[in-house]
Amino acid sequence: MSSPVRRVPPPLDSRLAPTYGDANLADAFAITLSEDAPDDAMALARAALADPPSWFRALLAIRDAAVRPFGLKTSAAMRRHLDEIGVAHVDIFRVLEASPREAIFGEQDRHLDFKLSVLIRQVDGSTRREAVVTTVVHCHNRLGRCYLALILPGHVLVVRSHLAAAARRFGARDGTRDGGG
């Protein structure tokens with residue numbers, strides 16, 4: 001069976017669309033939603049992000065060990081900081097804004113700005129809906145560009161895996177899934 005996750009152009013109906021043009025990375029992946037999937041982007045975001053698999057946690061541990069000497073935030077430091085300041089978050093992702101249609105997460109530091117959108121939209125004017133996960137990164141310096149280059153191959157795998165987990169919970173099961181990639 002083909003993957004329910006497919007690569008799509010970054011959606012122009014996302015609130016992140018104005019930031020695509022000068023981004024160092026702007027990519028998007030989508031799944032077709034089942035009819036009974038919630039009409040709530042935050043619920044879908046939690047399904048995709050809140051409980052990562054053990055292999056992802058292992059990758060984060062490697063990432064944390066590698067970036068610590070360069071002054072980048074570790075995942076534990078991000079969680080702890082968000083908890084301490086009482087900011088809404090899903091795992092390591094700070095909630096920047098949320099509506100039923102789109103949840104936007106992000107982080108900014110001196111090296112790069114990162115934003116992630118989970119958008120629910122209609123498919124081609126039909127009654128079908130899809131969830132689109134878009135990532136946008138703006139690098140500010142050489143370290144940010146090097147970091148992005150190092151994590152980019154893993155980024156695609158991680159996004160596809162997290163979205164596939166959401167598809168297992170909320171994806172269409174009537175043959176309307178696209179393979180693609």
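Mentor: Happy to. Helices (H or I, at least four residues) and strands (E, at least two) are DSSP runs, numbered from the N terminus. By that naming, His81 sits in helix α3, residues 75-85. This is a predicted model, where local features need pLDDT of at least 70 and side-chain atom pairs count only at pLDDT 80 or more, while totals for chains, interfaces and linings use all residues. Residues are numbered from 1 along each chain as its sequence is written, and side-chain values use heavy atoms, with hydrogens and water left out.

Trainee: Why is His81 called partly exposed?

Mentor: Buried means under 20% relative accessible area, exposed means over 50%, and partly exposed is in between (1.4 Å probe, protein chains only). His81 has a relative accessible area of 36%, so it is partly exposed.

Trainee: And His111, what makes that one buried?

Mentor: Its relative accessibility is 7%, so His111 counts as buried. His111 lies in the loop between β5 (102-108) and β6 (112-122).

Trainee: What does the side chain of His111 make a polar contact with?

Mentor: A polar contact is a pair of N or O atoms within 3.5 Å; within protein, one must be able to donate a hydrogen and the other to accept it, and residues adjacent in sequence count only if both atoms are side-chain atoms. The side chains of His111 and Asn141 make one at 3.4 Å. Another, also listed at 3.4 Å, joins the side chains of His111 and Arg110.

Trainee: Which residues is His111 in contact with, leaving aside its neighbours within four places in sequence?

Mentor: Contact means heavy atoms within 4.5 Å. Among the partners of His111 are Phe70, Leu72, His138, Cys139 and His140.

Trainee: How do you know that α1 is largely enclosed?

Mentor: Seven of its nine residues are buried, so α1 is largely enclosed by the rest of the structure. The buried ones include Ala41, Met42 and Leu49. Their cover includes β3, β4, β5, β6, β7 and α4. At the start of α1, a side-chain oxygen of Asp40 comes to within 3.2 Å of the backbone nitrogen of Met42.

Trainee: What makes a set of residues a nonpolar core?

Mentor: The members are buried Ala, Val, Leu, Ile, Met, Phe, Trp, Tyr and Cys residues joined through side-chain atoms within 4.5 Å. The largest such core here has 42 residues, of which Ile31, Leu33, Leu49 and Phe105 touch the most other members. Helix α4 (142-170) gives the largest share of this core, nine residues. A second, separate core has five residues, including Tyr20 and Ile104.

Trainee: Which residues does Phe105 contact, leaving aside its neighbours within four places in sequence?

Mentor: Met42, Ala45 and Leu49 are among them, as are Phe93, Phe114 and Val118.
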